[in-house]
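Work through the exercises below with the sequence and the model at hand. Each task is followed by a stepwise solution.

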Amino acid sequence: MSEPLDLLFRAPRVITAAGEVARCVGVRDGRIVVIEPFGAQLDAEVVVELGDDEVLIPGLVDTHVHVNEPGRTEWEGFASATRAAAAGGVTTIVDMPLNSIPPTVDAAALDVKRRVARDQAYVDVGFWGGAVPGNVPDLRALHDAGVFGFKCFLLHSGVDEFPPLDPAELELALKEIASFGAMMIVHAEDAHAIDRATSPGGENYADFLDSRPRGAENLAIAEVIELARWTGCRVHILHLSSSDALPMIASARKDGVKLTVETCPHYLSFVSEEIPSGATQFKCCPPIREAGNRELLWQGLADGVIDCVVTDHSPCTVDLKRFDIGDFGVAWGGIASLQVSLSAVWSEAKRRGHSLNDVVRWMAENPAEQVGLNTKGHIALGYAADFAVFAPEEAFVVDVAALQHKNPVSAYDRRALAGVVRSTWLAGKRIDLDEAPRGRLLSRGLA
């Protein structure tokens, strides 16, 4: 080779387009430039030899993370969120536009986010814009400034500064976004259906589940599908929890509707029947549903109807979970899982006969493709040298106090999981949490 390699992995197990194979993977200037048979005679400044119990996988891409900074930095922040991401094998996150103050609903607010994040990110960070009532004139400027798309709610978001769109406002926003080829990502629960449901108050999880019926989710998804059909806008359904919606999603795709769908580790891991009374660490919206529903979501992943698995990492302070009264009606809804997402999904996937290749497709390849990160999510020539060294057969028990998340609150606390991330690499260099952060801020189309 004319130039020396910066980094070389000699790995008996690598996840590539050819499946799990033994390979040498060489890196120069932050990119993968060599993929050769395991016995190839190659040298580099740094050579890493992996054991038979380790698998080299692409760094995960989590496109649904609530960092909350600035404005609610006590809930989470760019330093803590990206440290947690790195510890969990995630090398790229895309930050949601709400729970921070100001919300990312215009270019000025995006500038604020970027200034705050710039020197704190341990992994690469991109940003979503927000679509709220009255900001249609701001959407193109946000797009031109590099956001990866736009998020909206169809019911109260949980914070007053990020209000929902009604159907007419949603159609206007979709038409505008379609005009410049962008994407809308939607929290799809119907406000009127939830207004007519039972009260969510009290310690009983079944009562909370009744307050967020799957019919509200199904109705909202049906509405989004038809508006996407009429406007031609590309849409993405966030955090699918109702398996009832899978047939209409598949049907819409056959009709040519530009539609992608995600679900989350908590919907694939937990079941409503097992959530204890007052255990508000399990509260999220839409909610964790029944065991049968969980298995149908897994089938939706296997069938390709669900495209990807991302966290919807939505942390908060301990007091906001209201463990003092255990009331699901007043506790903050959100599950913190950024650091443990890979292990959580792998634990459940292997139990159902899925491979690590499947998990990588759902958590790295497909999320990267969805948002146009064309150099991420694969171990392939020319791609970013973002990796995780994963030990899939090793197990551990989650200790919430030992996680990098800012607050010690997670539904995964004390849960036994399979798979340990032993190291994470960004642009060809190992991420060391004791060193200064060196993640980049990403703009759409430039990574």
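**Exercise 1.** Determine whether Cys316 is buried or exposed, and find which cysteine sulfur is nearest to that of Cys316.

Solution. Step 1: take the cut-offs, where buried means under 20% relative accessible area, exposed over 50%, and partly exposed in between (1.4 Å probe, protein chains only). Step 2: Cys316 has 3% relative accessibility, so Cys316 counts as buried. Step 3: search the whole structure for disulfides (pairs of cysteine sulfur atoms within 2.5 Å); the search finds 0. Step 4: for Cys264, which is in no disulfide, the nearest cysteine sulfur is that of Cys284, 7.8 Å away. Step 5: Cys316 is in no disulfide either, and its nearest cysteine sulfur, that of Cys284, is 12 Å away. Step 6: Cys264 has 0% relative accessibility and therefore counts as buried.

The model is predicted: local features need pLDDT of at least 70, side-chain atom pairs count only at pLDDT 80 or more, and totals for chains, interfaces and linings use all residues. Residues are numbered from 1 along each chain as its sequence is written, and side-chain values use heavy atoms, with hydrogens and water left out.

**Exercise 2.** State how many cavities of 30 Å³ or more the structure holds, and classify the lining of the largest cavity.

Solution. Step 1: on a 1 Å grid over the protein atoms alone, a cavity is a set of points where a 1.4 Å probe fits but cannot get out, and lining residues have an atom within 4 Å of a point. Step 2: the structure holds 5 cavities of 30 Å³ or more. Step 3: the largest cavity has about 50 Å³ of space, the volume being that filled by probe spheres set on the points, which are joined across faces, edges and corners. Step 4: its lining residues include Cys316, Lys321, Gln281 and Val409. Step 5: the lining has 6 nonpolar, 4 polar and 1 charged residues, where Ala, Val, Leu, Ile, Met, Phe, Trp, Tyr, Cys and Pro count as nonpolar, Asp, Glu, Lys and Arg as charged, and the others, Gly among them, as polar.

**Exercise 3.** Describe the span of helix 10 and where its buried residues fall.

Solution. Step 1: helices are DSSP runs (H or I, at least four residues), numbered from the N terminus. Step 2: helix 10, residues 291–303, has 13 residues and reaches 19 Å from first to last C-alpha, close to the expected 18 Å (1.5 Å times one less than the number of residues). Step 3: Asn293, Arg294, Leu297, Trp298, Gly300 and Leu301 are buried in helix 10. Step 4: seen down the axis of helix 10, the buried residues fall within an arc of 155 degrees, so they line one face of the helix; the arc is that of the directions from the helix axis to the C-beta atoms. Step 5: Gly304 follows helix 10, with a positive phi near 85 degrees.

Definitions and conventions. Helices (H or I, at least four residues) and strands (E, at least two) are DSSP runs, numbered from the N terminus. On a 1 Å grid over the protein atoms alone, a cavity is a set of points where a 1.4 Å probe fits but cannot get out, and a pocket is an open set with protein on both sides within 12 Å along at least five of seven lines; lining residues have an atom within 4 Å of a point.
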